[in-house]
Amino acid sequence: MKDIRRKTVKDLLSSPEKYAGQEVDVKGWVRTRRGNKNVQFIALNDGSTINNLQIVLDLEKFSEESLKPVTTGSSIHVQGLLVESQGKGQSVEVQANELEIYGTADPAEYPLQKKGHSLEFLREIAHLRPRTNTFGAVLRIRHALAYAVHKFFNDKGFYYFHTPLITESDCEGAGAMFQVTTLPLNNIPLTETGEVDYSQDFFGGQAALTVSGQLEGELGATALGCIYTFGPTFRAENSNTPRHLSEFWMIEPEMAFYEIQDNMDLAEEFIKYCIAYALDNCKDDIQFLNDHFDKGLIERLNFVLSNDFVRLSYTDGVKILEESGQKFEFPVYWGVDLASEHERYLVEKHFKRPVILTDYPKEIKAFYMKMNDDGKTVRAMDVLFPQIGEIIGGSQREESYEKLRARMEELNMQDMPWYMDTRKFGSVPHSGFGLGFERLVLFVTGMQNIRDVIPFPRYPKNCTF
Ligand code: 4AD
Ligand code: MG
């Protein structure tokens with residue numbers, strides 16, 4: 001092989017005029033090989049784009065025998081001339097001069113032979129599914145969205161704040177945490193009263209994987225002003241829905257001096273920014289998903305961009321649901337924690353656009369939310385999306401030391417002196433929210449199951465790969 005700098009398939013296809021007539025060097029995986037006795041065509045993909053590069057092999061130059069190992073899934077290195085394509089379906093192709101085979105993929109064993117495997121089947125081979133068009137598209141969009149998150153906050157002057165994954169605090173109070181311990185499970189040390197003796201555990205206390213970085217995020221915001229976190233969070237609920245993962249990524253901005261209105265404005269601007277970024281930067285991938293899975297995808301994304309989110313109190317939302325005449329699986333009344341069917345009715349049937357629901361009953365929300373003057377509701381905000389339901393949960397935080405302390409006592413919570421210090425020293429009004437990253441990826445890709453928008457999903461009874 002000659003010493004030519006390698007180009008990606010994306011490089012070559014996105015600026016053919018720059019490279020046409022030149023000798024190029026490409027490497028990738030064979031999607032298909034077909035042809036006749038005179039000429040063979042390889043569709044080459046290297047992951048840089050959903051599009052394949054056509055490689056043309058003249059059988060006067062390459063023996064049929066030497067091409068035998070070049071089957072679907074094998075990996076190759078090609079040098080040749082980039083020319084305008086005579087065939088339909090591509091603008092340029094490579095007329096191969098040299099071919100090197102890196103690795104074969106025995107057709108009798110390689111599972112990704114034919115197109116159109118079901119998403120369920122692909123979930124069973126999650127270690128290989130990134131090689132399909134669908135998962136390539138989803139994973140490139142996921143990357144673009146992650147970049148957009150950082151860009152959005154960085155451009156606004158927010159600081160990326162790293163919160164711990166192992167923690168002794170249960171932020172949301174839901175209690176479904178994965179415990180982290182090095183105690184011997186077959187011989188657990190007990191105290192005199194028969195309880196587990198965590199003083200002998202690795203951290204000297206009962207530790208778990210975090211469900212949210214918010215509490216530490218508040219410490220960051222009350223020092224740096226505006227921060228955001230973006231990291232994995234863990235929930236041990238036995239939820240087997242297409243919207244829940246046991247390990248998911250969450251983005252949690254936290255802002256000093258923001259009240260609930262500012263919080264809502266930021267949430268709406270943030271989601272729209274991410275969607276617009278994906279539309280601008282992932283055109284081919286979104287178009288592919290639109291064409292193959294969800295013909296309404298692009299229209300839905302543009303619709304969200306061009307409409308204001310509805311802002312509505314929980315109380316008014318429940319009233320609409322009660323008066324809807326709709327038969328719901330779960331009953332709806334003031335005080336109930338809304339189910340996904342209720343949220344989606346408001347968004348998809350009633351308002352037909354995203355809704356920010358505010359001022360929920362305190363009983364169904366976390367301890368840290370700011371109490372309203374009515375003493376019954378808290379300054380919460382959930383952003384509800386078509387197809388998804390809740391995509392963001394957030395609130396203004398209770399900044400009064402006394403009120404927060406009283407609420408924690410009411411809920412029989414353990415004291416967290418380090419957290420209470422934010423209210424003790426220079427307390428300020430502040431707000432924040434959490435966006436479930438996979439739910440955003442779900443919305444932008446139009447996929448139906450959250451297990452298909454993260455490379456290696458974790459859910460009950462599944463921790464393979
Ligand atoms: O509503 P949640 O539980 O809120 C919090 O954790 C707050 N501490 C956030 C904050 O105010 N800083 O979770 C926030 C979002 C949800 O709206 C949802 O999008 C996502 O996280 N989420 C999940 N995503 C996937 N799988 C799960 N099991 C999820 N649970 C929550
Ligand atoms: Mg929530």
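**Figure 1. Q113 sits in a loop of this predicted model.** Start with Q113, found in the loop between β5 (92-103) and α4. Helices (H or I, at least four residues) and strands (E, at least two) are DSSP runs, numbered from the N terminus. At 35% relative accessibility, Q113 is partly exposed; buried means under 20% relative accessible area, exposed over 50%, and partly exposed lies in between (1.4 Å probe, protein chains only). Q113 and T32 stand 81 residues apart in sequence, and their C-alpha atoms are 8.8 Å apart in space.

This is a predicted model, in which local features need pLDDT of at least 70, side-chain atom pairs count only at pLDDT 80 or more, and totals for chains, interfaces and linings use all residues. Residues are numbered from 1 along each chain as its sequence is written, chains are lettered from A and ligands numbered from 1 in the order in which they are written, and side-chain values use heavy atoms, with hydrogens and water left out.

**Figure 2. R129 and D452 join in a salt bridge.** A salt bridge here is a side-chain nitrogen of Lys or Arg within 4 Å of a carboxyl oxygen of Asp or Glu, and the count comes to 22 salt bridges. In this one, the N to O distance is 3.2 Å. R129 lies in the loop between α4 and α5 and D452 in the segment after α14 (437-445), so the bridge ties together parts that are 323 residues apart in sequence. Are the two partners buried or exposed? R129 is buried at 1% relative accessibility, and D452 is buried, also with a value of 1%.

Figure 3. Look for E410 and R407, whose side chains meet at 2.4 Å, N to O. E410 is exposed, at 52% relative accessibility, whereas R407 is buried, at 10%. Now find R405 and D415, a salt bridge of 2.7 Å, N to O. R405 is partly exposed at 24% relative accessibility, and D415 is partly exposed at 43%.

**Figure 4. Residues gather around ligand 1.** How many residues surround ligand 1? There are 23 (each with a heavy atom within 4 Å of the ligand), and the closest are E172, Q214, R235, E252 and E390. Several polar contacts, meaning pairs of N or O atoms within 3.5 Å, can be picked out. A polar side-chain atom of S212 is 3.0 Å from a nitrogen atom of ligand 1. In the side chain of R397, an N or O atom lies 3.0 Å from an oxygen atom of the ligand. F433 uses a backbone N or O atom, 3.4 Å from a ligand nitrogen atom.

**Figure 5. The second largest pocket is lined by 34 residues.** A pocket is an open set of points, on a 1 Å grid over the protein atoms alone, where a 1.4 Å probe fits, with protein on both sides within 12 Å along at least five of seven lines; lining residues have an atom within 4 Å of a point. R31, R131, T132, N133 and T134 lie nearest the centre of this pocket. Helix α5 gives the most to the lining, with six residues.

Terms used: Polar contact = N/O pair within 3.5 Å; in protein donor to acceptor, adjacent residues only side chain to side chain.
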